[in-house]
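I keep these entries as a record of what I looked up, one topic at a time. The structure comes next.

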Amino acid sequence: MALDPGTEALARLAEERVDHRFKGLPPDADGLTVGELAAQRRNLFTGGFSTPVLALSAERLNHNLRLMETYATRHGLAFAPHGKTSMAPQLFRRQIEHGAWGITLAVPHQVRVARAYGVRRIFLANELVDPAALRWTAAELAADPGFSFVCYVDSVRGVELMDEALRGAARPLDVVVELAAGEGARTGVRTEAECTAVADAVSAAPALRLVGVAGYEGEVPEADPERVHAWLRRLVELAVDFDKAGRFAGVDEIVVSAGGSAWFDAVADVFAGIPELSLPVLKLLRSGAYVSHDDGHYRRITPFNRVPGEGALEPAFRLWAQVVSRPSAGQAFVNAGKRDAAYDLDLPFAQVVRRDGVERAAAGIEVSALSDQHAWLRTAPDVDLEVGDWVGLGLSHPCTSFDKWQLIPLAEADGTVVDYIRTFF
């Protein structure tokens, strides 16, 4: 049986040759295909990998995928995790295999990546007004009757530009009105009256079809549970009002979508109370950072801290660096810096030290600064740390961890590397 184009494209990732483009991989693997290298099941610590090297935990990744699948199912939510977190088609496929409705994306390039690897349902959390990208999207919709695409609209001008670029398209483009999270927030329509004006513009645009409403509660100013719940109730009321006005005529279901990685418990709470509308409602959650989670920002803000009975995500990234200088009892330097580690939200966290196959906690060691290619370590005077030691660093912010690495070893707890995750940023 022939494979579908997306499966074939994923299979071809294993045929890519390993070479100088991919940092951290064993130098003696040059010329092997990714599949051949994976089949060798090399050990991250003894198999020739060079530092710095970012590793993704196979067990923790599996745990996170299962946990969010269970959470969405328990709360009656469809799930379209934000793919901009990883931009890894292999992970897109695994998210879909774990029940995801589709994948959320942010910009046209990301949509093209997802389509190249067979994603059939895409939610673009942005207004799309670029004529070339709109024409490409229209061609994809025309060529594949099974392709579902939804994007934001947040202005009458945007609707006009979209309709102009799409005139003559074989299928209308499905859109949702984006409700802004408040004054001074990011994108979106500020008031319900303006939302109505945008919806009227969509009704007058033959190339577009209104299918729902959406927004991002993570931008609610001075967000707390009360303010976030209040904004989500506004979003639901907007959908109810649009439905009463007959604005969703001709569609199969009404899309109501929200959900970043900080307030998905609030989304579940409010969406559970969506009243019966004239059509079935697709309650679409879009959280993305869960796939790897982290040791900093998302560990602090995850909703699972508020609802511990629902489970807990596990940080799946560890960046391994090597001590290359120990100039004093209070200072050391490892060979991973801003080019390797996320630093936009927090500095990395020293977690473990590895020497001669023995791992111990990195007690008394703190990352105090980053240079381009070095992490500055502040050490307590009695810390046993030598040049040559490997230091395992936890990271904060998955999005800016993934985007620094093109090929990421997927390692089991004992260090066995079982696969390599390709990213496309």
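**Disulfides.** I looked for disulfides, taking as one any pair of cysteine sulfur atoms within 2.5 Å. A disulfide is a covalent bond between the sulfur atoms of two cysteines. By the distance rule I count zero disulfides. Cys 151 is in no disulfide, and its nearest cysteine sulfur, that of Cys 195, is 15 Å away.

**Source notes.** I note that this is a predicted model, in which local features need pLDDT of at least 70, side-chain atom pairs count only at pLDDT 80 or more, and totals for chains, interfaces and linings use all residues. Residues are numbered from 1 along each chain as its sequence is written, and side-chain values use heavy atoms, with hydrogens and water left out.

**Cysteine burial.** I call a residue buried under 20% relative accessible area, exposed over 50%, and partly exposed in between, with a 1.4 Å probe and protein chains only. Cys 151 is buried because its relative accessible area is 0%. Cys 399 has 9%, so it is buried too.

**Whole chain.** I looked up how much of the chain is buried, and found 54% of the 425 residues. The secondary structure comes to 12 helices and 18 strands; these are DSSP runs numbered from the N terminus, helices being H or I of at least four residues and strands E of at least two. The C-alpha trace spans about 70 × 50 × 35 Å along its principal axes. I then took contacts, meaning heavy atoms within 4.5 Å. Of those between residues at least 6 apart in sequence, 70% join residues at least 24 apart.

**Helix H5.** Which residues of helix H5 (residues 108-116) are buried? I list Gln 110, Val 111, Val 113, Ala 114 and Arg 115. They pack against helix H4 (89-97), strand S3 (103-105), strand S4 (121-127), helix H6 (131-143) and strand S5 (148-153). After H5 comes Gly 118, with a positive phi near 85°.

**Thr 104.** Strand S3, one of the packing partners of H5, holds Thr 104. Is Thr 104 buried or exposed? Its relative accessible area is 0%, so Thr 104 is buried. Leaving aside neighbours within four places in sequence, I find Thr 104 in contact with Ala 80, Pro 81, His 82, Gly 83, Lys 84, Phe 123, Ala 125 and Arg 286.
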